[in-house]
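Please examine the sequence and the structure shown below. A short briefing on selected features accompanies them.

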Amino acid sequence: MFKLREPRADSPRAASDRLAPRPAASARRQRHFLIVTAPFGRLSRVLAAHLREQGARCRRVILNGGDLADWGLAESLFYRGPRDGWSGWLEHRLVADGVTDLILHGDSQAYAAEAIGVARRRGLAVHVFEEGYFRPHWVTLERDGVNARSRLPRDPDYYRGVVVGPECAIRPVGRITPPAIRQISAYHLWRYAAHPLLPNYRSPYLYSAAAQAWGHVRRYLAQRVNRTAKLKRIEAIFDGSPVFMALLQRPGDSQLTCHSPFSGTEEFITTVVESFAREAPAGSRLLFKTHPLDHGLEPHERHVRSAAAKAGVADRVFLADDGHFPTMIAAARAVLSVNSTGGLSSLEAGLPTIALGRALYDMPGLTHQGGLDSFWRSPTAPDRALFRSFRAAVMAACQINGAFSTRDGVRLVAREAARRLMAPV
């Protein structure tokens, strides 16, 4: 997909060696993978089968009934202890079983974060799955961490050395959302059903699964009431006036709670509105766009209205809880993101973008570097050539064509992930 020019010994791109897998065990030692957390559904089971076919051992930790339903009883390790005993129990198992590699889904929720800490103390390899940086046809698999913890360089000169070639053809993965909803629902139903067996599990979510399910249903129904009229009002916002789009993170998302200076969406909204009121050109508008997976449990509209009224810009600040995101991006003047992958979409469209959190793509030449107040009057557009090189490097380093929820998508991910995981280390 891309080639790198041979770097000098003192070149910043010599740091690319850090992206290669580090030795985790002797070449003569059998690889033993332990899955600590995994995407909802059958991926962990299918991936384990591929790893075993290549001579590795693979087991999974069972923290709750959802894990059990996704994995089964064979080669499982049940953790039924209290939350504060997790790290000690895991370290004992890693040593006793001769584990060489940990596999996780995400790196920020408490069980996963502590597991990574234990693995690093023991010198084990850590492999982290996450949703794709470039969606919807890709998933992420990186060493050590993802997003703000990614080992990919933040140095634009590293990416300027990338020679972009033709991108691999994307294989279809089918409709992602319907099976994802079914798998998430089944997982949490099993988690509740098996609570007597695994009573000490503590959910990493800010809101309970039941509350989120109700929130999603309520939001879906609310979006369908007078939907045509609502979409027309959103279209009217883009009537020729410059529109800045601010992308809301999903409440409770680790990208907001762990990898940004904001305590939550309300603080992000307030900060952005106050700066807009001070510095934005007269006549410009600000549109907040909710995350497509927002559960609807936080009153974003009330927060936006309150912040705008206090700042004296109530007639210029709006919230969209629906609408076609690519169409909005195409009509926007610039985009504000915490560290959402939506920011990558705006960069790909050539729009000036500012990342207010610790984003993988936040670097000179891609995102605005002058601070929020300066963004409104003179937002910096991305270097398109640099973005193409950045995208090519990221795609080759850690993106896998596939999906976590569909049968074809899981098949693609499991096969390629197993190949990468079993590569010589």
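Predicted model: local features only at pLDDT ≥ 70, side-chain atom pairs only at ≥ 80, totals over all residues.

In soluble globular proteins, nonpolar side chains tend to be buried together.

**The largest nonpolar core**

- The largest nonpolar core has 46 residues, and those touching the most other members are Trp86, Leu102, Leu104, Phe134 and Phe390.
- At least two residues of this core come from each of several elements, including helix H3 (86-97), strand E5 (101-105), helix H4 (110-122) and strand E6 (125-131).
- Helix H15 (384-398) is also one of these elements, and H15 gives the largest share of the core, eight residues.
- Beyond its neighbours within four places in sequence, Leu102 contacts Leu34, Val36, Leu94, Ala115, Ala119, Leu124, Ala125, Val126 and His127.

**The packing of H10 and H11**

- The axes of helix H10 (residues 265-279) and helix H11 (residues 300-311) lie 9 Å apart, at an angle of about 30 degrees.
- H10 is therefore roughly parallel to H11, and the crossing of H10 and H11 is right-handed.
- On the H10 side, Thr265, Glu266, Ile269, Thr270, Val273 and Ala277 take part in the contact, meeting His300, His303, Val304, Ala307, Ala308 and Ala311 of H11.
- The residues of this contact comprise seven nonpolar, four polar and one charged.

**Gln212 in helix H7**

- Gln212 belongs to helix H7 (residues 209-224).
- Gln212 counts as buried because its relative accessibility is 9%, where buried means under 20%.
- Setting aside residues up to four places away in sequence, Gln212 touches Tyr205, Tyr207, Arg250, His295 and Leu297.

Terms used. Residues numbered from 1 in each chain as written. Heavy atoms only, no water. Axes fitted to C-alpha atoms, helices over the stretch in contact; angles between N-to-C directions. Helix = DSSP H or I, 4+ residues; strand = E, 2+ residues; numbered from the N terminus. Parallel < 35°, antiparallel > 145°, perpendicular 65-115°, else oblique. Left-handed = near helix turned anticlockwise from the far one by under 90°. Contact = heavy atoms within 4.5 Å. Nonpolar A, V, L, I, M, F, W, Y, C, P; charged D, E, K, R; others polar. Buried < 20%, exposed > 50% of the residue type's maximum accessible area, 1.4 Å probe, protein only. Core = buried A, V, L, I, M, F, W, Y, C linked by side-chain atoms within 4.5 Å.
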